[in-house]
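Here is a short briefing on one protein chain. Please keep the sequence and the 3D view open while reading.

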Amino acid sequence: MFNLRSSVTKKFINPVDMCLYLKLNGFDVVPVIHEKWRLIADKDKLLKLSMGKSKLNPKQHREGIVVRPIRDIYVEDLQGYFVDGRLSFKVINPKFELNID
């Protein structure tokens, strides 16, 4: 599971609480590579972090990484880059082959 939204508040559950809830209820969550990591403004270092073997299948390169804060950060999003204003983005591993037709 990647996201969880409250049926009561209609808001996303932050990643820490989501993982706890899902694990307690027997659901799988996407693998977490780093829990305590500071965001860097260095494209090359982010790309390097995206490379490596998959946590689900160590024989295969991982597709990339998703970067999101432990607690949600909401940003004013005038151009539609963030879902519901939540900060989250993906860094694609350049070694992962995308077969897009």
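At the start of helix α2 (residues 43-50), which residue has a side-chain oxygen that reaches to the backbone nitrogen of Asp-44? That residue is Asp-42, and its oxygen comes within 3.1 Å of the nitrogen. The model is predicted: local features need pLDDT of at least 70, side-chain atom pairs count only at pLDDT 80 or more, and totals for chains, interfaces and linings use all residues. Residues are numbered from 1 along each chain as its sequence is written, and side-chain values use heavy atoms, with hydrogens and water left out.

**Overall layout**
- The protein chain holds 2 helices and 2 strands. Helices (H or I, at least four residues) and strands (E, at least two) are DSSP runs, numbered from the N terminus.
- The order from the N terminus is α-α-β-β.
- The chain has 101 residues, and 20% of them count as buried. Buried means under 20% relative accessible area, exposed means over 50%, and partly exposed lies in between (1.4 Å probe, protein chains only).
- Accessible surface totals about 8,200 Å², with 56% belonging to carbon and sulfur atoms. Such areas come from the Shrake-Rupley method with a 1.4 Å probe; for residues, only the protein chains shown count as cover.
- Take contacts between residues at least 6 apart in sequence: 53% join residues at least 24 apart. A contact means heavy atoms within 4.5 Å.

**Largest pocket**
- The largest pocket holds about 1,200 Å³ of space.
- Its lining has 35 residues, and the closest to the centre are Val-30, Pro-31, Val-32, Ile-33 and Val-66.
- On a 1 Å grid over the protein atoms alone, a pocket is an open set of points where a 1.4 Å probe fits, with protein on both sides within 12 Å along at least five of seven lines; lining residues have an atom within 4 Å of a point.
- Grid points are joined across faces, edges and corners, and the volume is the space filled by probe spheres set on them.
- α1 (15-24) and β1 (64-67) each supply at least two lining residues. α1 gives the most, with 5.
- The lining divides into 22 nonpolar, 6 polar and 7 charged residues. Ala, Val, Leu, Ile, Met, Phe, Trp, Tyr, Cys and Pro count as nonpolar, Asp, Glu, Lys and Arg as charged, and the others, Gly among them, as polar.

**Before α1**
- Phe-2 lies in the segment before α1. It is partly exposed, at 37% relative accessible area.
- Beyond four places in sequence, Phe-2 touches Met-18, Val-30, Val-66 and Arg-68. The C-alpha atoms of Phe-2 and Val-30 are 6.2 Å apart, although 28 residues separate them along the chain.
- Lys-10 is also found before α1. Lys-10 counts as exposed because its relative accessibility is 53%. Its phi is positive, near 65°, in a residue other than glycine.
- Asn-14 counts as buried because its relative accessible area is 14%.
- A polar atom of the Asn-14 side chain lies 3.1 Å from the backbone nitrogen of Val-16.
- The side chains of Asn-14 and Asp-17 form a polar contact of 2.9 Å. A polar contact is a pair of N or O atoms within 3.5 Å; within protein, one must be able to donate a hydrogen and the other to accept it, and residues adjacent in sequence count only if both atoms are side-chain atoms.

- Gly-52 follows α2 and has a positive phi, near 140°.
- Asn-93 lies in the segment after β2 (89-92). Asn-93 is buried, with a relative accessible area of 1%.
- Leaving aside neighbours within four places in sequence, Asn-93 contacts Ser-50, Met-51, Gly-52, His-61, Arg-62, Glu-63 and Gly-64.
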